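Open your viewer and get the selection tool ready. We will take the stops one at a time, each with something to select and something to look for.

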Amino acid sequence: NMRQSDIKRIKEDTTNDAVVQAFTLMLAIPVMVMRKKYGWGTRKRLPEFAEAILDEYTLFQNDEMTIEEYQDIVMEYCGINFKVQED
């Protein structure tokens, strides 16, 4: 039999693993697109791009920006809507 604390730890570990995987994809996919599609190099542009993305994630993690603020800014300045439309 499992204790409640064991179940809680398993849930937390699973959640943390999912977050790490999602975070890695959210960083790695844009970097790969910039490399493959736009020919960005690995000496200057890609490392700077990855660092800038990490800086933005840090702002979000530190509660300096919200998802909604990012959605609004991207829509205003880039014309891209990342908001999920509800039925």
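**Stop 1: the aromatic pairs**

Two aromatic pairs are present in the structure. To see one of them, select Trp-40 and Phe-49: the two form an edge-to-face pair, with 5.6 Å from centre to centre and 80° between the planes. Rings of Phe, Tyr and Trp (its six-membered ring) pair if their centres lie within 6.5 Å; planes under 30 degrees apart are stacked, over 60 edge-to-face, and the rest tilted.

A word on what you are viewing: this is a predicted model, in which local features need pLDDT of at least 70 and side-chain atom pairs count only at pLDDT 80 or more, while totals for chains, interfaces and linings use all residues. Residues are numbered from 1 along each chain as its sequence is written, and side-chain values use heavy atoms, with hydrogens and water left out.

(Buried means under 20% relative accessible area, exposed over 50%, partly exposed in between, with a 1.4 Å probe and protein chains only.)

**Stop 2: along α1**

Now select α1, residues 4–36. Helices here are DSSP runs (H or I, at least four residues), numbered from the N terminus. The 33 residues of α1 should span 48 Å at 1.5 Å a residue, and its end C-alpha atoms, 47 Å apart, agree with that. (The expected span is 1.5 Å times one less than the number of residues.)

Colour Asp-6, Leu-27, Val-31 and Met-34, the buried residues of α1. They pack against α2.

Next, pick Pro-30, also in helix α1, which is partly exposed at 27% relative accessibility. Leaving aside residues up to four places away in sequence, Pro-30 touches Leu-25, Phe-49 and Ile-53, where contact means heavy atoms within 4.5 Å.

**Stop 3: the largest pocket**

Finally, show the largest pocket, with a volume of about 850 Å³. Of its 17 lining residues, select Met-26, Tyr-57, Tyr-70, Val-74 and Phe-82, the closest to its centre. (On a 1 Å grid over the protein atoms alone, a pocket is an open set of points where a 1.4 Å probe fits, with protein on both sides within 12 Å along at least five of seven lines; lining residues have an atom within 4 Å of a point.)

Which helix supplies the largest share of the lining? That is α3, with six residues.

Definitions and conventions
Points joined across faces, edges and corners; volume = space filled by probe spheres on them. Helix = DSSP H or I, 4+ residues; strand = E, 2+ residues; numbered from the N terminus.
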